[in-house]
Structure formats: structure tokens, C-alpha cells
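Hello,

Here is the structure I promised to pass on to you. Have a look at it first, and then read my notes below.

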Amino acid sequence: MNIINSSIEDICIKGNIYTGQKCPVCHGKMIFNERGRNCFCKKCNVPAAGGYYVRFGRDICKRFQNNIDAAMQFLTGLRFKTDEKTYNKRDYQKDFPLGFATQAEKWLNIKKSTVKPKSWNNLNNYMAKAIKAWHQANVKIINFAMIEDFLFDPATTGNDKTRSNIKSCLNDFFTWLKKRENIPVPEMPDCNFELGWRKYTDLETQSLILDQIKRLTYHVNKKIWFGVELLASYPELRPDDLRRIAEADFNPEFSTITIHTPTKKKNKFKVIKLIPEHAVTWKSLKNERSGLPNMPFFRHVDGIKGCKAESIFGEKYLYKWWIKACEALNISGLDLYGGTRHTTTTELARIAGRDNAKKATGHDTNRAFERYCQAQDNTAFEMAKIIAEKKKGGNVHEFKKVEKSPEEIKE
């Protein structure tokens, strides 16, 4: 046989089926015969009864025990993929390098350094559900039908909002996978849902609640009331922004506070100019209880049970006092966001127009503003003056609820 014919023959018969059994008569080696669909002893022509495995080059060795048909089907598939140039040895390695669980873990590890802990916990929970459904299935075979069955299984995804969030999470994962492994993104099923409605109020009721918070907390820690007052006056402020403000972030010369890495803004900072009465209050509180430049401005004082002195306010700390004040006034269903940011934004849109209200909230798109009713100019300052002058009058209304959209999970 010449070299050319030998090369062609090697390509045609790449990979083979073997058996660990020896001939029961002569104890000789048993060789696979494709026409006979089994392994036979060349000398005695005795067929094997099991112990089959497939070897394919140096990459694959897969056992099939007593199932010769499955072994032949597997080998045929490998040869076919080799001919059409779609063979990838990683699809068959024992450590499942292209298994869904393996790739999901890699993606989550990368996400951990790019999103907030709370968002990562949501992503981790969603992917855990998907891993439970697909285990180490090759990511190449996960298709529309598999995703649809998973998303619309009530036992795994629950309500429409959760289903939509999981779909967004999976889409983000497969988009990343396409960039990393050049694997096409599978088509995603439609998962429509309607946002609920969140309550908001008017400025008179908002003022009543702020006054109640002041009565409840001013003798404990004046910064509790002041923090909520700022949230109600500057709609571009979010509760977690307050927790990021350090003692050194207030500029008394210009009456501004600088928020480094503010909520929803990556690699940016936010500057807010305070109206005169708020600037005076800030200076007064700063002088009453001074701290090192890097200490959080909104921090606990001595003598509060369960709170360490000089430690930063907890994520829900202002929210809890807001609810206590609402309960004292027999107001139900009005949370901190609805009573401060949403109420103020709605009132601004009514008084000063939607464009000014949009600038005051710091939204960059109409879509985002629609959900909540950064231009760094004087608009927010002027709007805060309007709110300060307008705080007089009391009903609770319905306002579009602010829930995390599928897009926000990617942040």
C-alpha cells in the first residue's frame, strides 16, 4: 500500500471500537468487524459479549459496556463531524469544558467583579435553576425548545417578572459565550410582563411624613431625618448614594456633595449642589459630630441598640424609619422610594415640565424616565428650590412601580 492510499484509509477509518474482553477459547485479542457489527477473535471467530469502548485519535476514549449499537452510533457521529469540520474534542472531554454548568460557573465568576453583590446573587440564583435543569448538557445543544420548557415550568421560574429576569440572564450568558467560544446565541422565547403599580403621594403628605420622622429620630440621630429630607428634595439621589458619601465629599465653598461611583453609574461620579438651607444643615451636622475624611457621613451615633457607633447606615435603615413614620400617621403601602423620589419627580413634572423633571432625576433616556415618572447642570438645583417652596398640602396615588427590569440584571 502506497503512502497516499494509506493516508486516505487512515482518514476513512479514523477511530475504532474495541473491547476489553479476551477470546474465551484462545484468550486472544478481539478485533472490531464493521460488517459483523461486533468484535471477533481472528483465530476462533468468537464474538465479544461486552466491554466495548470507542477510541478516537488521542482525544476520546468512551466506554459503552455491553451496548455495541450505541458505540457504533457514537463513532459514526464523530466521523461525520470530522468530515463536515465541526468536530471539537472539548465536546467529549471528561471534565465537560463545554458543559452548561462549567461555562455558567465561569460566567458567574466574571460577573462577580462587574455587578453589585445583590445583582450577582440574583444571577447566581437564576443560573442555579438552569444548572439544575440542564446539568452538564453541552452548551451547543441548548436550543429554543429547551429554554422555553425551562422558563415556563412553574416549579422553576414562578411569576412573569421572574421568568423575564431569568430569560434576560440567559441571554446575557449566551451572548458572552458567543464572544468567548463562537457558539451561536439560541433564540429566546417571548416573556412579556407588566410592571405593577407603586404608590406615590403629594408634597403635603410627604412633608407630614418627614415631620414625623424628625419627631421620632431627631433626638436619636439628626442624620436620619436629614437623609430622608435629601432623598425627597433631590430626585437624582438614591438611598444607596447617601451611604457612599464620606465626610470629605462635602465642599462648603460651593455647597456641593460629590458621590463617587453612584448607584447605576459605572466609573462616574455625581455632583449635587445643595440649596442654602440644606447646606447650612449639612455644615451644622458636620460640626456637631466631626469625623475623619474617609468616614461615612451618614453613620450611627453612640447608644443605639444593635448599631455600632461610627458605622455606616444599613441599606434598609432609612426605609425602616420611613415605614415607622407612615404607621404612626396611618398611611399604608407607601414605601421610601414612592414617597420620596417618585412623589417629587411626579410633582416636578407637573410644575416645571417633563424635560426639567427628567434632568432633575438624572435619567439619560426617555424610557428610563418613563419608569420613574446625568445632566450635570443647574436643573436639579433649581428643581430642589421649587420643591422646598412647594412643600405644603395629602392623598396617596398610584404610580408605576420601580422594579428591576431585565436589562438592569446585566449591570
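Let me start with helix 12, where Y317, L318, W321, W322, A325 and C326 are buried. Helix 12 covers residues 317–328, twelve residues in total. From first C-alpha to last, helix 12 reaches 17 Å, close to the 16 Å expected at 1.5 Å a residue. Just after helix 12 comes N330, with a positive phi of about 60 degrees. Please keep in mind as you read that this is a predicted model.

Now for the overall picture. The protein chain has 411 residues, and 45% of them are buried. Its secondary structure consists of 16 helices and ten strands. The accessible surface of the chain is about 22400 Å², with 51% of that belonging to carbon and sulfur atoms.

The helix pair I would like to show you is helix 3 with helix 4. How are helix 3 and helix 4 packed, in angle and in distance between their axes? Helix 3 spans residues 100–111 and helix 4 spans residues 117–134; the angle is about 175 degrees, and the axes are 10 Å apart. Angles over 145 degrees count as roughly antiparallel, so helix 3 is roughly antiparallel to helix 4. On the helix 3 side, the contact is made by F100, A101, A104, W107, L108 and K111. Facing them from helix 4 are W120, L123, N124, M127, A130, I131 and W134. By type, the residues of this contact divide into eleven nonpolar, one polar and one charged.

R37 is not a glycine, yet has a positive phi of about 55 degrees. You will find R37 in the loop between strand 2 (30–33) and strand 3 (38–41). S255 has a positive phi of about 55 degrees too, and is likewise not a glycine. S255 sits in the loop between strand 7 (250–251) and strand 8 (256–260).

Are R37 and S255 buried or partly exposed? R37 is partly exposed, with a relative accessible area of 43%. S255, at a relative accessible area of 15%, is buried, because the cut-off for buried is under 20%.

Happy browsing, and do write back with any thoughts.

Best wishes

Technical notes. Residues are numbered from 1 along each chain as its sequence is written. This is a predicted model: local features need pLDDT of at least 70, side-chain atom pairs count only at pLDDT 80 or more; totals for chains, interfaces and linings use all residues. Side-chain values use heavy atoms; hydrogens and water are left out. Helices (H or I, at least four residues) and strands (E, at least two) are DSSP runs, numbered from the N terminus. Buried means under 20% relative accessible area, exposed over 50%, partly exposed in between (1.4 Å probe, protein chains only). Accessible areas come from the Shrake-Rupley method with a 1.4 Å probe; for residues, only the protein chains shown count as cover. Axes are lines fitted to C-alpha atoms, for helices over the stretch in contact, and angles run from 0 to 180 degrees between N-to-C directions. Angles under 35 degrees count as roughly parallel, over 145 as roughly antiparallel, 65 to 115 as roughly perpendicular and the rest as oblique. Contact means heavy atoms within 4.5 Å. Ala, Val, Leu, Ile, Met, Phe, Trp, Tyr, Cys and Pro count as nonpolar, Asp, Glu, Lys and Arg as charged, and the others, Gly among them, as polar. The expected span of a helix is 1.5 Å times one less than its number of residues.
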